[in-house]
Amino acid sequence: MEYENYVRWEEKPVEDCFHVYSDGTRMAVLFDTDEDKVHAMNLFPILTRHFGIRIYCIIVMDTHFHLVVCGPQEQVGKMVGEIKRLLCRYFRDSGRPHFVEDGIRIEMDAIQTEEELMGKIIYVFRNDLDAGGRFLPEDYRWGIGSMIFHHRDSSRYHRVGDLSIRERERLFRTREPIPDDWLYDDAGMLVPFSYIDVDYIERLFGSPKRYIAFLYVRKKDLAKHDEECARKFVEENDFKQLRKHSELQARHLFNRSVPKLSQSERLSLAKILWQNRATFSRKQLARAVRLPTELIEAVFH
């Protein structure tokens, strides 16, 4: 009986929860600088508040972003459209229209159960680590940090309410109202525990032990999450687009085209493309970076 109750609890449905994520497979880089990442980390909570949406998790990577949110589907869809519009405007205004010349593709997937919601939160939280990052997820600067079942120290941050209206508009690049009790750091980034629904997340996981258990992600489960995120984008990406993406990455990383790279540089490029889920085909990857298929198979088996 106890086991049956546990299974029913895990499969409890959730309403109006979504995983929102952008396509990083067509870009050498999107959020290129710390300023870009700060802008994105501020834009998302400001927009979610505008549309009446709660954020459960957030991360901004070099080439893409992830959000786990809760709100009416129609409102989440409107928020996605506004993210596209405002990010494109930001890069055009900053003199980098080529970053978004093909637009920004964003998908939103409904989350059905509490177990799936917990899995998505952990997947987003760990995203930098699973892409090859060198630090623990709570130390990744452009994510939620160490707030879940952690002491949250607000003493080293600044209150938005201490800024004048003009100072807020200049610092956060918006005329949207921002709550006075929200905090921001020395870089001008809104502190995630100001807007993340921490209380709900802790109730969702139930205890620190259960949270820690979910932090362990099996390889097959990680691959499943990756495939779910990439499937809609990868299905649209033919080999021509993959080759174009590999050229963009080569020029960004090495300032040379793929044919002029050394073998070690091509392997480094292949690693970046593989980590960014630009393709799930090792044969296509080998062709894109102009290396023998046997070598790619051996390295990325």
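This report describes confidence, salt bridges and aromatic pairs in a predicted model of a protein chain.

## Basis and confidence

Because the model is predicted, local features need pLDDT of at least 70 and side-chain atom pairs count only at pLDDT 80 or more, while totals for chains, interfaces and linings use all residues. Residues are numbered from 1 along each chain as its sequence is written, and side-chain values use heavy atoms, with hydrogens and water left out.

The protein chain has a mean pLDDT (the predictor's confidence in each residue, from 0 to 100) of 87, and 88% of its residues reach 70 or more. Over residues 1-10, however, pLDDT stays under 50, and for this stretch the model has 9 contacts (heavy atoms within 4.5 Å) beyond four places in sequence.

## Salt bridges

Side chains of opposite charge can pair when their charged atoms come close. Counting a salt bridge as a side-chain nitrogen of Lys or Arg within 4 Å of a carboxyl oxygen of Asp or Glu, the model has 15 of them. One of these joins Glu 35 and Arg 173, at 2.6 Å from N to O. This pair links distant parts of the chain, 138 residues apart, with Glu 35 in helix α2 (residues 34-50) and Arg 173 in the loop between α6 (165-172) and β6 (183-184); helices (H or I, at least four residues) and strands (E, at least two) are DSSP runs, numbered from the N terminus. Relative accessible area is 48% for Glu 35, which is partly exposed (buried means under 20%, exposed over 50% and partly exposed in between, with a 1.4 Å probe and protein chains only).

Another salt bridge, between Lys 78 and Glu 74, has an N to O distance of 3.7 Å, and both residues lie in helix α3 (residues 73-93), 4 residues apart, about one turn of the helix. Here Lys 78 is partly exposed at 43%, whereas Glu 74 is exposed at 57%.

## Aromatic pairs

Rings of Phe, Tyr and Trp (its six-membered ring) pair if their centres lie within 6.5 Å, and planes under 30 degrees apart count as stacked, over 60 as edge-to-face and the rest as tilted; the count comes to 11 aromatic pairs. Among them is the tilted pair of Phe 31 and Phe 91, with 6.3 Å from centre to centre and 50 degrees between the planes. Phe 31 lies in the loop between β1 (13-22) and α2 and Phe 91 in helix α3, so the pair ties together parts that are 60 residues apart in sequence.

Phe 91 also forms an edge-to-face pair with Tyr 90, at 5.0 Å from centre to centre and 75 degrees between the planes. Both Tyr 90 and Phe 91 are buried, and together with Phe 31 and Phe 99 they form one aromatic cluster.
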